[in-house]
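Hi,

Here's the structure I promised to pass on to you. Have a look at it first, then read my notes below.

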Amino acid sequence: MGRPVRSGTVAVAGHVLQPGEFELALTAPDGAATAALRGNDAVVNLDTEVTDELRAEGVARDLIRLVQQARKEADLAVTDRITLVLQVPPTVLAAIEAHRATVADAVLATEVRYSDAAQSVPASLDEQPVTFTIAVAG
């Protein structure tokens, strides 16, 4: 591998190559989520592994989005506090519990409860059916 020098030349194995005698390019390895930037001066490598922790965070964020949409559809005031009742399978429950405080804070829930009975709003989280209900707290 060559070493660029300030004058626009490249030193390779003790020899200096002049401009026009070489081409510098960044090449991403095959099979990796890697790409060279347009200026060809840096490579970006993405770690695409979805860990259990990332999956749980994604489920919580999806729930927040669903509840915020339900708040909007119910024409609730931005400051209205709510009670959130969820009917979810065990794997989804574990993900939500891992981020319960974040979910409650984001949707202004004073209470997050679980129920075995189906609730009024059908949805899907982590490709599994769930239902939930929101009600103004108080």
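Predicted model: local features only at pLDDT ≥ 70, side-chain atom pairs only at ≥ 80, totals over all residues.

**Glutamine 119 and its partners**

Let's start with a side chain: that of glutamine 119 makes a polar contact with the side chain of serine 115, at 3.4 Å. (A polar contact is a pair of N or O atoms within 3.5 Å; within protein, one must be able to donate a hydrogen and the other to accept it, and residues adjacent in sequence count only if both atoms are side-chain atoms.) The side chain of glutamine 119 also has a polar contact of 2.9 Å with that of threonine 133. You'll find glutamine 119 in the loop between β7 (109-114) and β8 (121-125); strands are DSSP runs of E, at least two residues, and helices are runs of H or I, at least four, numbered from the N terminus. Apart from neighbours within four places in sequence, glutamine 119 is in contact (heavy atoms within 4.5 Å) with Val85, Gln87, Thr131, Phe132 and Thr133.

Residues are numbered from 1 along each chain as its sequence is written, and side-chain values use heavy atoms, leaving out hydrogens and water. The average pLDDT (the predictor's confidence in each residue, from 0 to 100) is 88 for the protein, and 88% of the residues score at least 70. Confidence is lowest in strand β1 (residues 3-4), with a mean of 56, and highest in strand β6 (residues 82-87), at 98.

**Helix α1 and its neighbours**

Helix α1 (residues 52-73) packs against helix α3 (residues 100-107) at an angle of about 25 degrees, with the axes 10 Å apart. Axes are lines fitted to C-alpha atoms, for helices over the stretch in contact, and angles run from 0 to 180 degrees between N-to-C directions. In α1, Ala56, Val59 and Leu63 meet Val92, Ala95 and Ile96 in α2.

Cheers
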